[in-house]
2 protein chains.
Amino acid sequence: MTESRIGVGVDVGGTTVKLGLFSERGELLKKWEIPTDHTDDCANLIPDIAASIRGTLSREGIGFERLMGAGMGVPGPVQADGYVEVCVNLHWKNRYPARELSELLSGIPCYLANDANAAALGEAWRGGGSGAKEAVLITLGTGVGGGVIMNGHIVPGRHGLGGEIGHMHVRDDEAEQCNCGGYGCLEQVASATGIVREAKRVLASTEEHSRMREKGDGLTARDVCDLGREGDPLADRVMETVGRYLGLAISHIALTLDPEVFVIGGGVSRAGEYLRNKVQKYYDQFTPISRNRGRVVMASLGNDAGIYGAVRLILPDL
Amino acid sequence: MTESRIGVGVDVGGTTVKLGLFSERGELLKKWEIPTDHTDDCANLIPDIAASIRGTLSREGIGFERLMGAGMGVPGPVQADGYVEVCVNLHWKNRYPARELSELLSGIPCYLANDANAAALGEAWRGGGSGAKEAVLITLGTGVGGGVIMNGHIVPGRHGLGGEIGHMHVRDDEAEQCNCGGYGCLEQVASATGIVREAKRVLASTEEHSRMREKGDGLTARDVCDLGREGDPLADRVMETVGRYLGLAISHIALTLDPEVFVIGGGVSRAGEYLRNKVQKYYDQFTPISRNRGRVVMASLGNDAGIYGAVRLILPDL
């Protein structure tokens, strides 16, 4: 009997690189991390990844010939042919990172994707989407990212804007400017940063008691979520606003693509059912045309979504 | 030399059925219409279509053996396998119309699509999209319809809501209810009906002079477009509102799917560059994240978009 083949998923972040060994059927066998070396504009990064994969295979007693390929997610726009024009966080310009990795791994197939898109693919495949062929992931972190999966494949978009849900204009009465140059983007209210900002606005607008005030300048999005869930009325009002605009954005996507499932991920998604119920309420309100439409679920892979999605890029159709 | 093969495109409407004979390469060779016979819940409709195709081939001296297939667009939701649960305008229930047509045409391949989706495919392929692989059509007629094309294929959506752009909530300050049950849908402002309604509101809100007043109750969307283009300030203000919400909806879609091109069709699109420029202005305003994104063009096939898209369903990849 021949030994089964192995795939590698790599999720390159600004601080650490997450790696995972997977069976051909997509089971995570081992995961580990290495630091992201920024020396000389990250010149060592791809060699570090290749060496770490070879070293781990060796330590695990897995012959290199069993390696079927590696998928890699990177924090920047990736063109269809794997070209990265610029990746600010990694100081990359005009590179084909997957080709470089392949050369260092004896020519095995290596594919590249944007990290948010890879995470979406991971959640669609093995996470909250649990096998959905069409899924849209909305990641609520420092910013709001997203990824669109159709027919089991990432939709990067013709100009790399596919899944840039965080910059949908949802709020007309927003006077502050978003990083993108717009006003009233989803990210301005539904990201961790946005939630804190909204909370501070609400607190400034009233004398009403709220336990959020006890946190002072150290107030975090997590505090707002937790206090809202525990019944603090002002914190709940903030989360209601977050739910409204998330529900609206999901409604827009449902009426464009009509995917099977929407997956809410990122740190803010730890708010769980409390947030999901609010999102669902406004999604229903803004999409009365049919009750028969994509469901909203919470992500389930946490920080592993990226390596799952990355390895999925090189696995055969399962 | 063998004679080239022929495809048929059929666009079934509530009043007439449009038909077209096309070359294998997609050139329209002949088009014609037959009335939609509503007798006995449209029992004669598919037989009429089959007979008309056979009759026309015969009159044109084209042997039936050259017929490679027929595509058909119908005014209602179509499931992926060609099943029509209900089609209100044609009194259909639980039918497979393309199978019925195929049986009456000696078993040639026949495929079915929703008519708005077929029109989108036609415009993407041979109309304003001129060969785009990803295109989104927005049809401004009595209502606002749409269709999404990805990779040269229709995206019907998992529950048939793909391209239901007309029911995107875009306007918070709308107190009147849309047919869908929502408030502030794109259709309420950008359809022919919506434009007239908006114009009447603007006229009622001011004593200001406008040539729209001369039209009285007979005011049409075309009047509003024409007068706006000719410089009537109030009509122009109405069209500015239309452009704003269309531009906003297009921005939402660009940040989800990022298609190559947006095609604006339907009767209202006769407003041409005057409307296109307004849409572009707000699309730019709401999508400052990148200048590199899908362009906005006007549809160019008029009433033929449906037969082009229908025949495309059965042509090989060109």
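First, the bookkeeping. This is a predicted model, where local features need pLDDT of at least 70, side-chain atom pairs count only at pLDDT 80 or more, and totals for chains, interfaces and linings use all residues. Residues are numbered from 1 along each chain as its sequence is written, with chains lettered from A and ligands numbered from 1 in the order in which they are written.

So, chain A. We've got 10 helices and 12 strands there; those are DSSP runs, H or I of at least four residues for helices and E of at least two for strands, numbered from the N terminus. Its radius of gyration is 21 Å, close to the 20 Å from the globule rule for 318 residues, so chain A is as compact as a globular protein of that length. That radius is over C-alpha atoms, and the rule is 2.2 Å times the number of residues to the power 0.38. The C-alpha trace spans about 65 × 45 × 35 Å along its principal axes.

How much of chain A is buried? It's 52% of the 318 residues, where buried means 20 or more other C-beta atoms within 10 Å of the residue's own, exposed means 12 or fewer, and partly exposed is in between, with C-beta atoms placed from the backbone.

Now the core. The largest nonpolar core has 200 residues, and A:V224 and B:V224 have the most contacts inside it. By nonpolar core I mean buried Ala, Val, Leu, Ile, Met, Phe, Trp, Tyr and Cys residues joined through C-beta atoms within 7 Å.

Next, strand β4 of chain A, residues 67–74. Seven of its eight residues are buried, so β4 is largely enclosed by the rest of the structure. Strand β1 (residues 6–12) runs parallel to β4(A), joined by six bridges; strands count as paired if DSSP finds at least two bridges. Within that pairing, A:G7 partners A:G69. β4(A) also pairs with β7 (residues 110–114), again parallel, over five bridges, and there A:M72 stands opposite A:L112.

Last, the phi angles. A:H91 isn't a glycine, yet its phi is positive, about 60°. A:H91 sits in the loop between β5 (84–87) and β6 (92–95) of chain A. In chain B, D258 does something like that: B:D258 has a positive phi near 50° and isn't glycine either.
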